[in-house]
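Dear colleague,

I am handing over the structure we spoke about, and below it you will find my notes on what came out of going through it. Please read them with the structure open beside you.

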Amino acid sequence: MDLTVLAVPDCPNVTLLEERLAQVLEGRREVTVSRQVIADQDEAARTGMHGSPTILVDGIDPFAEPGQPASVSCRLYRNGNGQVDGAPSVSQLRQAIGGAAATATDAGTPSWLDALGRGGRGRVAPAERGLRAVHQAVLRSFAATGRAPAQGLLDDAARPFDASQVLAELAEGDFLCLDQAGRISAAYPFSATATPHTIQITGGASTYAMCAIDALGIAGMLRTSVLIRSTDPSNGEPITVTFDGSGAVWNPATTVVFVGRTADQCAGPSAVICCDHVNFFSTQSTAEAWASAHPEITGGILRGARAVEVAEQIFGQLL
């Protein structure tokens, strides 16, 4: 697990946060802590700082309110007794860090399901070295235009780092894929080339998703309505899933998602190991028949609500 402490220069509450973190992390050698000084509002937006100090747990701010803007102002936290403090309490930190660890090692998750993405590591790019800023710029470009961003936008998002180096590091971490010419060919959940899963984003682009789970994650990631069009690979029957703000409407209502892979672990790149084998099926019986005919693919079947839950867990915090 990776923790990141974000703070403005000379933040008076960083010491308090560090002292409490030290209590929580005593003896936990599997947890790493990095620290980043945030100089201005733009950098706060790129890194995900919602006031100083902010702590990120595997790239996510567990104390942020929905829609809370980035900020370089002094951040106050309310403890379990309703009192205001300059840092989360020891019990709040322990709960946030322990909850993230429990999610990552959920014993109820079957071995064939990568419920967090990237082999359990999650798809939120690290804040360091311009990685998250560039990653989010790429995702927003696909959502708005259906295409990867132009070089100038990438350069702006990466500054002061080199955009090509940032992209290479993102590709190495399986946050996105590059073709042989170094161009972006995919940025999960989006694909730059045609796939069986077409997504119409309300107020945005018509684009493609890498797989069925990726398609289901786009509405939650963008917080908007989308229409997914796909087909059952076993018989060509059309399938749609509509997110209209009140939930998902499946047509046919019996649609399920088969989640498969070609290796013992979905350790990436997912585009090679997993994506071609994560598809919508019009019924459980067609999914079972397809799986029986492809014994080389390891996997299982998710019903609609569980598939949406997994998709939102993977992609809901990316933007």
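Predicted model: local features only at pLDDT ≥ 70, side-chain atom pairs only at ≥ 80, totals over all residues.

Helix 7, which covers residues 212-222, packs against helix 10, residues 304-315, at an angle of about 65°, and the axes of the two helices lie 8 Å apart. The crossing that helix 7 makes with helix 10 is right-handed. On the side of helix 7 the contact is formed by I213, D214, L216, G217 and M221, while helix 10 contributes A307, V308, V310, A311, I314 and F315. Sorted by class, the residues of this contact comprise 9 nonpolar, 1 polar and 1 charged.

The mean pLDDT of the protein is 88, and 94% of the residues reach at least 70. Among the elements, strand 13 (residues 226-231) has the highest mean pLDDT, at 97, whereas helix 3 has the lowest, at 72. Over residues 102-107 the pLDDT stays under 50, and for this stretch the model has 3 contacts beyond four places in sequence.

S89 counts as buried because its relative accessible area is 16%, which falls under the 20% cut-off. If neighbours within four places in sequence are set aside, S89 is in contact with R20 and N79.

With best regards

How values were computed
Residues numbered from 1 in each chain as written. Heavy atoms only, no water. Buried < 20%, exposed > 50% of the residue type's maximum accessible area, 1.4 Å probe, protein only. Contact = heavy atoms within 4.5 Å. pLDDT = per-residue confidence, 0-100. Helix = DSSP H or I, 4+ residues; strand = E, 2+ residues; numbered from the N terminus. Axes fitted to C-alpha atoms, helices over the stretch in contact; angles between N-to-C directions. Left-handed = near helix turned anticlockwise from the far one by under 90°. Nonpolar A, V, L, I, M, F, W, Y, C, P; charged D, E, K, R; others polar.
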